[in-house]
Amino acid sequence: MTEKSLLMNLLSEIKEGLRIAFLAIKANKMRSILTTLGIVIGVVSVTMMATAIEGVDRKFAESASAFGANVLYVQKYPWVGHEDWWIYRNRKDITLQISNDIENNAKLVEAVAPNVVTVRSSQYLDKVMKNTFVTGTNEQYIYASATAIKDGRFISQEEAQGGRPVCVIGANIAENLFPNIDPIGKTLKIAGYPYQIIGVLEKQGGLFGIFTADNRAFIPIRSFMNNFGSRRDITINVLAKRGVDIDDVKEELRGIIRKARKLSPAAPDDFNINEQDLLIQTFSTITAVIAGVGFFITGLSLFVGGIGIMNIMFVSVTERTKEIGIRKAIGAKRRTILLQFLIESSVICLIGGFIGLAISYPLSLLANQILPTAMPLSVVFIAISISLIVGVISGFLPAYKASRLDPVEALRYE
Amino acid sequence: MDIINLIQIKKIYDMGGAEEVQALRGIDLKIGKNEYVAIMGPSGSGKSTLMNIIGCLDTPTSGIYEFNGVKVSEMNDDQLAKIRNKEIGFVFQTFNLLARSNALHNVELPLIYAGVGKAQRREMAIKALEQVGLADRMYHKPNELSGGQRQRVAIARALVNRPSIILADEPTGNLDTKTGDEIMALFEQIHQQGNTIILVTHEEYIAEHAKRIIRLRDGLIESDEILNDRKIITDELIK
């Protein structure tokens with residue numbers, strides 16, 4: 001037989017297989033629906049899982065971006081620690097003096113903003129917000145962070161140096177304490193101290209409100225130290241100059257701080273320079289673990305669906321023993337019969353896959369209300385190929401059994 | 001040249017343990033082109049086994065089977081499937097049509113497995129249905145046809161690939177006498193068109209239509225005779 005007619009043969013066998021598959025599915029409607037349901041549930045759970053993980057990832061990336069991509073954080077504690085907590089605990093506090101050293105000596109930095117936080121209550125008239133993150137900083141903070149001004153302006157250099165009683169508030173404070181009022185020019189009482197509001201920040205959002213500036217009230221750092229105590233550990237936000245390698249900036253900062261601290265060359269750093277990337281990396285490993293476990297569990301449901309398909313295909317082969325005998329007598333080869341049943345199980349699974357997608361797509365839109373997410377296109381492809389693979393795998397044993405039937409025996413079967 | 005040449009064909013069924021059944025105990029048989037042969041014998045005589053071997057549905061335990069000069073006794077399943085597809089047209093007692101397919105598709109089936117293209121396939125199937133007088137029923141499913149009509153569809157299916165032999169196993173066994181006569185008239189017509197027919201039956205009345213009767217008993221050929229005064233049945237005679 002020539003190659004072309006071989007191909008023709010295979011094509012007509014596949015077409016016939018498809019025809020038989022649809023006829024068989026139509027002939028056993030209830031059974032087909034129930035069998036497909038297993039795959040539908042499997043595909044829905046896998047795609048929803050993938051969508052949820054995509055959502056968490058996005059939400060985190062959004063939150064982490066609040067740290068700013070080119071901003072380094074000089075701190076006493078690392079964001080991701082590998083040693084015993086007390087080692088970090090016993091380090092010296094980061095002081096304003098170090099911030100000044102950096103500002104005076106670093107050549108690769110654009111902005112240096114020391115900042116320190118305390119949680120106090122804030123009040124406007126009779127409205128109170130208990131957990132206000134009061135942050136003392138200087139005028140450069142607006143550059144050395146991912147915050148942006150919505151109304152008014154940020155603290156000026158003069159106000160920062162003079163420790164003036166002015167403040168810039170986050171979006172949540174503005175919403176909660178000034179629902180229908182323009183907050184600019186009003187007086188906010190922070191732990192009883194009056195501060196005049198000069199600016200409101202853009203809303204940031206962020207995961208569970210942890211990293212966000214939305215709940216913060218920014219005041220000049222000198223005023224902070226006067227009112228809330230000066231012996232505090234501070235954080236220094238450092239914005240790298242444009243086009244400078246962030247690792248070079250890190251090295252420069254290390255050198256300055258080690259010199260200020262008079263560390264011997266052999267001594268380890270007694271401070272940390274944190275950055276957004278580190279956090280993202282750590283988070284990625286966490287989501288990878290969640291995804292692994294999640295896909296394993298949802299994959300189990302798909303597996304159970306596959307077993308359902310295999311079971312029903314065995315029933316189908318037994319029921320159609322006579323038909324298989326007839327087809328063999330007429331000239332169907334083993335391959336023909338194998339192909340026929342593989343196509344049938346694959347068609348059932350593919351239908352299940354498409355129905356599953358049709359269900360999970362609107363569900364993902366619904367989920368989008370809670371978590372900003374969208375079903376990634378890759379998930380669509382994965383879902384369809386997984387259902388095809390499940391169809392082929394679970395159909396194989398029954399199809400193989402059918403293909404090996406003895407035509408004489410099969411014809412005699414009633 | 002002979003189409004079928006069986007040399008010392010034996011078939012032994014292993015029934016498990018030491019028990020075995022010798023269904024065929026050494027059959028020598030030649031069947032030539034355009035013969036009309038009836039194979040007869042009581043149940044247990046081995047005629048079904050012989051039919052299965054001639055039809056390439058089964059292989060002998062020992063002996064040589066040549067089909068058109070090609071040794072098929074040692075072929076594998078897929079090679080046999082190809083012989084069945086191209087060279088043998090089966091007609092069964094219980095018709096064995098595919099219930100979910102209409103007459104046309106049933107007749108097309110051997111051509112699908114032979115890889116014949118759609119247009120040509122359809123043309124050949126319609127021609128075969130015309131040959132058995134059922135062209136007007138080609139879109140009917142088996143359960144919408146009478147017994148005689150179903151057997152005609154089966155005969156059209158057997159004919160469609162222009163096989164070397166038509167192998168009919170009790171083709172009138174499930175039909176009333178009149179319908180049975182009609183089917184036998186159809187076989188006569190097919191035979192006169194030059195086809196080789198092998199009829200397996202236990203009814204003397206049916207076997208008498210053939211030109212040659214081979215009788216089996218206990219797995220051996222008991223007699224092999226040429227019928228000189230065979231019944232020739234035509235549609236005109238039935239009316």
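Which residues of β3(B) are buried on one side, and which on the other? Let's start there. On one side sit Y36(B), A38(B) and M40(B), on the other V37(B) and I39(B), and all are buried. Buried needs a cut-off: 20 or more other C-beta atoms within 10 Å of the residue's own, with 12 or fewer called exposed, anything in between partly exposed, and C-beta atoms placed from the backbone.

A word on the model. It is predicted, so local features need pLDDT of at least 70 and side-chain atom pairs count only at pLDDT 80 or more, while totals for chains, interfaces and linings use all residues. Residues are numbered from 1 along each chain as its sequence is written, and chains are lettered from A and ligands numbered from 1 in the order in which they are written.

Strands and helices next. They are DSSP runs, numbered from the N terminus: helices are H or I with at least four residues, strands are E with at least two.

Back to β3(B), residues 36-40. Because 5 of its 5 residues are buried, the strand is largely enclosed by the rest of the structure. What does β3(B) pair with over 4 bridges, in the parallel sense? Strand β9(B), residues 212-217. Pairing here means that DSSP finds at least two bridges between two strands. M40(B) has R215(B) as its bridge partner in β9(B). Strand β8(B), residues 196-200, is also joined to β3(B) by 4 bridges, and these two run parallel. There, A38(B) stands opposite L199(B).

Now a helix. Just after α1(B), C56(B) takes a positive phi of about 60°.

Over to chain A. In a regular strand the side chains alternate between the two faces of the sheet. β10(A) pairs with β1(A), residues 71-75, in the antiparallel sense over 4 bridges. V74(A) stands opposite I273(A).

Last, the contact between the chains. Chain B puts in 20 residues and chain A 19. Two residues are in contact if their C-beta atoms, placed from the backbone, lie within 7 Å. On chain B's side, α2 (77-87) and α3 (103-114) are the elements giving two or more residues. α2(B) gives the most, with 6 residues.
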